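Good morning, everyone, and thank you for making the time. Please have a look at the structure on the screen, and then I will take you through it piece by piece.

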Amino acid sequence: MSVDTPRSIVLLRHAKADWNDGPDHERPLAERGRKDAPVAGRRLADSGIAFDLALCSTAVRTRETWKLAVHELPARPRTVYEERIYEASLGELIAVVNETPDTVDNLLLVGHNPGMHALADALAGESEGDLLPRMNRSGFPTAAFAVVTFEGSWKSVEHGVGRLVDFWAPHA
């Protein structure tokens, strides 16, 4: 693979979670989340992106979101459950992305806010149409995703490197 290969990173926020008395990490999806996650999966399938790798937070709500969404994709990518995505800062998320092997062209991250929104905003040096302002106005709701494209190595991913080419939210 050339480092000049066009690449995509898709940032999917977990679907709507339920509130419970247990630890935050163990919060399951709410009924609305169980409905929205497959819809997000179908919309990801419609994007035509063939994911090589999915990195998913270890939190219950992200794992449940991914389990429901992935069934809608034409092919299941290799999935790694990455505990560093849970409660990750922007810098920590960029570090995780920088570790992606260059054999991966299309990466999917399933995570949380504010991280998913912050990463999409930071990577998008430019955007198609009004996508960036629309994404920023929406606040990156649950089950939303952003698609950022760039050329180069995953090690070179940094602020402003990409172009926001899609943003979708289930109730927008």
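Before I speak of any helix, let me say how axes are handled: an axis is a line fitted to C-alpha atoms, for helices over the stretch in contact, and angles run from 0 to 180 degrees between N-to-C directions. Helices (H or I, at least four residues) and strands (E, at least two) are DSSP runs, numbered from the N terminus. What you see is a predicted model, in which local features need pLDDT of at least 70 and side-chain atom pairs count only at pLDDT 80 or more, while totals for chains, interfaces and linings use all residues. Residues are numbered from 1 along each chain as its sequence is written, and side-chain values use heavy atoms, with hydrogens and water left out.

Let me begin with the helix pairs. Two packed helices are described by the angle between their axes and the distance between the axes. The axes of helix 3 and helix 4 come within 9 Å and cross at roughly 70 degrees, which makes helix 3 roughly perpendicular to helix 4; in this wording, 65 to 115 degrees is roughly perpendicular, under 35 roughly parallel, over 145 roughly antiparallel, and the rest oblique. Helix 3 passes helix 4 in a right-handed crossing, where right-handed means that the near helix is turned clockwise from the far one by less than a right angle, and left-handed that it is turned anticlockwise. On the side of helix 3 the contact (heavy atoms within 4.5 Å) is made by Leu90, Leu93, Ile94 and Val97, and on the side of helix 4 by Gly115, Met116, Ala118, Leu119 and Ala122. By class, these residues divide into 8 nonpolar, 1 polar and no charged, with Ala, Val, Leu, Ile, Met, Phe, Trp, Tyr, Cys and Pro counted as nonpolar, Asp, Glu, Lys and Arg as charged, and the others, Gly among them, as polar.

Helix 4 also packs with helix 5 (residues 131-138), at an angle of about 160 degrees and with the axes 11 Å apart, and that makes helix 4 roughly antiparallel to helix 5. The crossing here is left-handed, and His117, Ala120 and Asp121 in helix 4 meet Leu132, Met135 and Asn136 in helix 5. That contact divides into 3 nonpolar, 2 polar and 1 charged residues.

How many strands does the open sheet have, and in what order? There are 7 strands in the order 3-2-4-1-6-7-5, with mixed pairing, and two strands pair if DSSP finds at least two bridges between them. Strand 3 (78-81) and strand 5 (124-127) stand at the edges, each with a single partner strand, so one side of each is left without a neighbour in the sheet. The twist from one strand to the next averages 25 degrees. Strand 5 pairs with strand 7 (residues 162-168) in the parallel sense over 3 bridges, and serine 127 has leucine 164 of strand 7 as its bridge partner. Helix 4 (residues 115-123) lies across strands 1, 4, 5, 6 and 7, running at about 150 degrees to strand 1.

Let me finish with some individual residues. A salt bridge is a side-chain nitrogen of Lys or Arg within 4 Å of a carboxyl oxygen of Asp or Glu, and by this rule the count comes to 13. Aspartate 105 sits in the loop between helix 3 and strand 4 and arginine 7 in strand 1, 98 residues apart. Finally, the peptide bond from asparagine 113 to proline 114 is cis, with omega near 10 degrees, and proline 114 is found in the loop between strand 4 and helix 4.
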